[in-house]
There are 2 protein chains.
Amino acid sequence: MKAVGIIAEYNPFHNGHLYQIKQIKERFPKHLIVVAMSGNFLQRGEPAFLDKWQRAQQALSSGVDLIVEIPTGFCMQAADRFAFAGVQILAALDVEYLAFGSEHSEYDFMELARQAATVTGDFKKFDQSYAAAYQNALQATLGIALNQPNDLLGLAYARANQQLGEPLKLVPLQRYQAEYHATELVAEQAIASATAIRQHWKSEQQALCQQYVPPVTWETLKMAPTVVTWDDLWPLLKYKLLTTPVSELAQIYGMSEGLENRFKTIHEQLAKTATYQEFLQLVKTKRYTYTHLTRLTTAMLLNFTQQEAAILQRQPYMRLLGFSQKGQKYLGKVKKTTPLPIYTKVGQADKEGLLNLDYRSGKIYEMITGNAQDLKKSPLRYL
Amino acid sequence: MKAVGIIAEYNPFHNGHLYQIKQIKERFPKHLIVVAMSGNFLQRGEPAFLDKWQRAQQALSSGVDLIVEIPTGFCMQAADRFAFAGVQILAALDVEYLAFGSEHSEYDFMELARQAATVTGDFKKFDQSYAAAYQNALQATLGIALNQPNDLLGLAYARANQQLGEPLKLVPLQRYQAEYHATELVAEQAIASATAIRQHWKSEQQALCQQYVPPVTWETLKMAPTVVTWDDLWPLLKYKLLTTPVSELAQIYGMSEGLENRFKTIHEQLAKTATYQEFLQLVKTKRYTYTHLTRLTTAMLLNFTQQEAAILQRQPYMRLLGFSQKGQKYLGKVKKTTPLPIYTKVGQADKEGLLNLDYRSGKIYEMITGNAQDLKKSPLRYL
């Protein structure tokens, strides 16, 4: 039994994700598909539109054999560290290939990673974001434009794979139709970006979304109109900003260069009716991307501190979300040799120890949806 | 110009309070009436049903000449310390008499205070609350039953007055009709307890409340159906309990004997649908009164720490909420000699300094009602 791995967020699971699974099955008909997915808070600092169990169910119904959760502490990091955690987990699950969507599937990503390793510097120009400065330096070294979101993620996977001794073979899959950040739904296509689907769902154009998601996602969306967005969490963040001294906000993971003062001051001057998005626009400067700032608001919301991050960083693990029959057999085999702990349940001691951040994230998510996320939850079985 | 003082919470201002003001005016027709009132969170740990400006307006329309706010840090203390802060503020406003309702207006409260001063001990019997143990010891010393809520408050005022060198003369006024804790509304009476009024308002029997409150309160209640109760604040408290480590909860003012563990553990085991009241019932033991525990939940909600309490304790002050024409003149006179700072506005520096707890309390209250409480608010003028 061999497996192809995917690192995903499925926010929500749509036809593009289904298409990717079909591509993999055509190319590797005898392989299982193993997914490492983020939990209830995503790498770009957003709460997941649907919870991790709903998204895992959608993946299992769509041909995935084994799905595990990447710990929240790793999801709440910059893209390269998130990628590293995903690669590390898939390698620990003895996956042979890592498949990922790419705008340029013809590139040799491992070779690009070797060249990119020579790009160094601190990229601290105060008139542009770190990400932009890094991309400019990267382009100068590689001699090609590597600035599309999926290509950059592919490079991050390749670099992580390199650092881990190349346990995985990389399989870039050509992206089909939708641009990553596209916000339009195109009537004659079956694939739209997750961003476009979320935006149309939120703006009450929900019926329009049906053609872009598989029936299992559509049924979940219709059953659970409580999708979670920052608008739902905004009162809690306001409360947090109000009651937490600046000195304590400075301890939040990723907080730097006095940003805690900026968050606090702007929050205090905010109009009563201001939305989360309006708040973020006021905080935004050229120096920081929206993603970085959004991720910081999540870190504040979850009270994710530098100290907690340092502890988690040293102890990678994964949480089992679900499996098919084949996936269950595969898991039984890899369990014997995997170097990382695989949690199948969250017990009392786990929730107070290493898994406390995951537990807190789930409880905050549950405050909005009413659906329990961790304690007493068993992995999904798709048999 | 001389004045009679009242220490009040007005939660909400009702006919019993109006009757008290009339009693004072009959007895001291030439005196002004000065009120020291709690702000948006009350001594028993509840959010005020109506905000401090609404309650100040009700008092001013009902014959009060000057009304100031007792700082939140003093309201969030045991009854004897709250009483001390009230007496200290009224003394600083050069008030001659302190009037208060009492179940036994014939008692000489200053004399009782002198006897009560000899009651000592630590009252730490684990089968009863501190309050109950103290009351038993008190009764043994005084030889009379002093266990009614207003009598006990009267004794607390008397003891504070004694400690401050007796700046005030005490005027106990016989309580009329409603018991302090009564929950019934009696149809043929015009006076009901604040507790009964709040409970009937909350249980949708709102029309019943009209006969027990003056028109000004009735109009406010009708205009602002957003009265604030713990039910409104419960999501914020749950978030706070979820995201705050036990070691940090232990720093909250009034937290002792490992209660932080009890709060945290019970919160974690709570059913999803549990209400604030159900939570409190689970936390309750014989050792602690509901009031003590409720006050602790407010301290957690406001993130009121032992450190902050220690700083506030050393720097008493008052906040001006409103005045009549006579009250304005009186204020102009006492301002020249008062030993305590009187804040007429909350500026940027105040809100980040000494008045930060008041500011935070107001902002949390505002999250429910949408009405600003501090910055840019000027005292009410009833001319």
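1. **Ground rules.** This is a predicted model, in which local features need pLDDT of at least 70 and side-chain atom pairs count only at pLDDT 80 or more, while totals for chains, interfaces and linings use all residues. Residues are numbered from 1 along each chain as its sequence is written, chains are lettered from A and ligands numbered from 1 in the order in which they are written, and side-chain values use heavy atoms, with hydrogens and water left out.

2. **A covered strand.** Let's start with strand E4 of chain A, residues 97-102, where six of the six residues are buried. Helices (H or I, at least four residues) and strands (E, at least two) are DSSP runs, numbered from the N terminus. Buried means under 20% relative accessible area, exposed over 50%, and partly exposed in between, with a 1.4 Å probe and protein chains only. A:Tyr97, A:Ala99 and A:Gly101 point one way from E4(A), and A:Leu98, A:Phe100 and A:Ser102 point the other way.

3. **Helix H14 of chain A.** This helix covers residues 290-301 and reaches 16 Å from its first C-alpha to its last, close to the 16 Å expected at 1.5 Å a residue. The expected span is 1.5 Å times one less than the number of residues. Of the 12 residues in H14(A), 10 are buried, including A:Leu293, A:Arg295 and A:Met300. Just after H14(A), have a look at A:Asn303, which takes a positive phi of about 55 degrees.

4. **Two domains in chain A.** Chain A is divided into domain 1 (3-183 + 315-382) and domain 2 (230-310), with bounds from an automatic or database domain assignment. Their contact takes 29 residues from domain 1 of chain A and 20 residues from domain 2 of chain A, where contact means heavy atoms within 4.5 Å. The C-alpha centres of the two domains lie 25 Å apart.

5. **What is buried between them?** The area buried between domain 1 of chain A and domain 2 of chain A is about 2,100 Å², and carbon and sulfur atoms give 62% of that area. Buried area is the accessible area (1.4 Å probe) that two parts lose on being put together, summed over both. On the domain 1 side, A:Met76, A:Ile364 and A:Ile368 lose the most area, together 25% of what that side buries. The count between these domains is one salt bridge. A:Arg360 and A:Glu308 form a salt bridge, with their closest N and O atoms 2.8 Å apart.

6. **Salt bridges overall.** The whole structure has 24 salt bridges over all chains, each a side-chain nitrogen of Lys or Arg within 4 Å of a carboxyl oxygen of Asp or Glu. One of them joins A:Glu166 and A:Arg114 at 3.3 Å, N to O. A:Glu166 lies in the loop between helix H7 (149-163) and E5 of chain A, and A:Arg114 in helix H5 (residues 109-116), so the pair ties together parts that are 52 residues apart in sequence. A:Glu166 is partly exposed at 38% relative accessibility, and A:Arg114 is partly exposed at 37%.

7. **A pair across the chains.** A:Lys351 forms a salt bridge with B:Glu268, the closest N and O atoms being 2.5 Å apart. A:Lys351 lies in helix H17 of chain A (residues 348-352) and B:Glu268 in helix H12 of chain B (residues 259-269), so the pair joins two chains. A:Lys351 is buried, with a relative accessible area of 1%, and B:Glu268 is buried at 14%.

8. **One last residue.** Which residues does B:Asn161 touch, not counting those up to four places away in sequence? They are B:Val87, B:Met110, B:Glu166, B:Pro167, B:Leu168 and B:Leu170. B:Asn161 lies in helix H7 of chain B (residues 149-163) and is buried, with a relative accessible area of 0%.
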